[in-house]
Amino acid sequence: MKKALLYFLLGTVVSFLINYFFYSSENIELDIYYAVAFGSAWGIAYYLDTPDFTLAKKMGLSFVAMGILVLVGTLIFNLELAIPSILKFSTVFVAYYLIASFRANKTLRN
């Protein structure tokens, strides 16, 4: 769990810094929101990367996380600005498991 939180924090900070310095958005709150979506994808993917979770549970929990992101984004901003957070989340989530699929043990934990 500690490593999953570390992945979340590192993913959030790195994503925010890249967006802030290279894309220089006018809306810093939106940059933070997107960074949290990116970091949460890394943290959740790492946390679920264990044989204790079936594929159905992994997919279900990722959809719940995406739903929470959309709900929070819609409450804070609007639906049009909340949708890109799911795109960032799902891209990172799928990339994590794609990279893991190339390893013999199918995990990035070891």
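Contact here means heavy atoms within 4.5 Å, and by that rule Ser62, leaving aside its neighbours within four places in sequence, is in contact with Phe89 and Phe93. This is a predicted model, where local features need pLDDT of at least 70, side-chain atom pairs count only at pLDDT 80 or more, and totals for chains, interfaces and linings use all residues. Residues are numbered from 1 along each chain as its sequence is written, and side-chain values use heavy atoms, with hydrogens and water left out.

**Helix H1**

- Helices are DSSP runs (H or I, at least four residues), numbered from the N terminus.
- H1 takes in residues 2-23, which makes 22 residues, and reaches 31 Å from its first C-alpha to its last, close to the 32 Å expected at 1.5 Å a residue. The expected span is 1.5 Å times one less than the number of residues.
- Ala4, Gly11, Thr12, Ser15, Phe16 and Asn19 are the buried residues of H1. Buried means under 20% relative accessible area, exposed over 50%, and partly exposed in between (1.4 Å probe, protein chains only).
- Looking down the axis of H1, those buried residues fall within an arc of 120°, so they line one face of the helix. The arc is taken from the directions from the helix axis to the C-beta atoms.
- That buried set packs against helix H2 (28-48), while the face of H1 turned away from it carries the exposed residues Lys2, Phe21 and Phe22.
- Just after H1 comes Ser24, with a positive phi of about 40°.

**Helix H2 and the record**

- H2 has 21 residues, which should span 30 Å at 1.5 Å a residue, and its end C-alpha atoms are 30 Å apart, so the two agree.
- At the start of H2, a side-chain oxygen of Asn27 comes to within 3.3 Å of the backbone nitrogen of Glu29.
- An unreviewed UniProt entry annotates residues 5-24, 30-48, 60-79 and 85-104 as "transmembrane region". UniProt positions follow the numbering used here, feature names are shortened, and annotations may be inferred rather than shown by experiment.
- In the model, residues 5-24 are 95% helix and 0% strand, with end C-alpha atoms 27 Å apart.
- Residues 30-48 come out as 100% helix and 0% strand, and their end C-alpha atoms are 27 Å apart.

**Ser62 and Met1**

- Ser62 sits in helix H3 (residues 55-76) and is buried, with a relative accessible area of 3%.
- Met1 belongs to the segment before H1 and is exposed, with a relative accessible area of 64%.
- C-alpha to C-alpha, Met1 and Ser62 are 16 Å apart in space, and they are 61 residues apart in sequence.

**Aromatic pairs**

- Searching the whole structure turns up 10 aromatic pairs. Rings of Phe, Tyr and Trp (its six-membered ring) pair if their centres lie within 6.5 Å; planes under 30 degrees apart count as stacked, over 60 as edge-to-face and the rest as tilted.
- Trp42 and Tyr96 have ring centres 5.7 Å apart and planes at 70°, so the pair is edge-to-face.
- That pair links distant parts of the chain, with Trp42 in helix H2 and Tyr96 in helix H4 (residues 79-101), 54 residues apart.
- Trp42 is partly exposed at 21% relative accessible area, whereas Tyr96 is buried at 1%.
- Tyr47 and Phe53 make a tilted pair, 5.7 Å centre to centre with 55° between the planes; Tyr47 is partly exposed at 36% relative accessibility.

Technical notes. Helix = DSSP H or I, 4+ residues; strand = E, 2+ residues; numbered from the N terminus. Polar contact = N/O pair within 3.5 Å; in protein donor to acceptor, adjacent residues only side chain to side chain.
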